[in-house]
Amino acid sequence: MELSAAVVERELVGGECSYWACTPTKALLRSAAALRAARQMPGAREAVTDGLDAAAVLDRRDSFASHWKDDGQVGWLDSAGITLHRGQGRIVSANVVEVTGDDGVRSP
């Protein structure tokens with residue numbers, strides 16, 4: 001019996017943590033934490049002359065979220081032999097998942 005694996009993803013492969021929650025949030029918070037730490041450190045605080053650059057902080061966040069492109073994760077799935085189905089999945093019976101794509105078309 002040959003086994004196979006598939007992933008059903010409605011949005012970006014990697015999900016909430018990689019694109020909307022954990023990773024981008026930590027990237028945003030880290031800049032402020034580093035600035036705060038530098039301001040508290042003798043020898044470093046004297047070099048701090050300005051505040052955060054909001055555009056640079058957001059650019060850093062975007063890079064951590066791969067600019068909201070999941071090409072790298074999709075490539076990994078392909079290299080591991082895992083099939084990707086884009087859409088909303090629903091278990092319809094044993095060993096059968098129905099996927100409804102963004103276009104509304106259903107496929108088992």
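Mentor: The following questions move from the whole chain to a single residue. This is a predicted model, in which local features need pLDDT of at least 70, side-chain atom pairs count only at pLDDT 80 or more, and totals for chains, interfaces and linings use all residues. Residues are numbered from 1 along each chain as its sequence is written, and side-chain values use heavy atoms, with hydrogens and water left out.

Trainee: In what order do the elements of the chain run from the N terminus on?
Mentor: Helices (H or I, at least four residues) and strands (E, at least two) are DSSP runs, numbered from the N terminus. The chain holds 4 helices and 5 strands. From the N terminus on, their order is β-α-α-α-α-β-β-β-β.

Trainee: What radius of gyration does the chain have?
Mentor: This radius is taken over C-alpha atoms, and the globule rule is 2.2 Å times the number of residues to the power 0.38. The C-alpha trace spans about 65 × 30 × 20 Å along its principal axes. A compact globule of 108 residues would have a radius near 13 Å, but the value for the chain is 21 Å.

Trainee: Is Asp62 buried or exposed?
Mentor: Asp62 lies in helix H3, residues 54–64. Buried means under 20% relative accessible area, exposed over 50%, and partly exposed in between, with a 1.4 Å probe and protein chains only. Because its relative accessibility is 16%, Asp62 counts as buried.

Trainee: Which residues does Asp62 contact, leaving aside its neighbours within four places in sequence?
Mentor: Contact means heavy atoms within 4.5 Å. With those neighbours left aside, the partners of Asp62 are His67 and Trp68.
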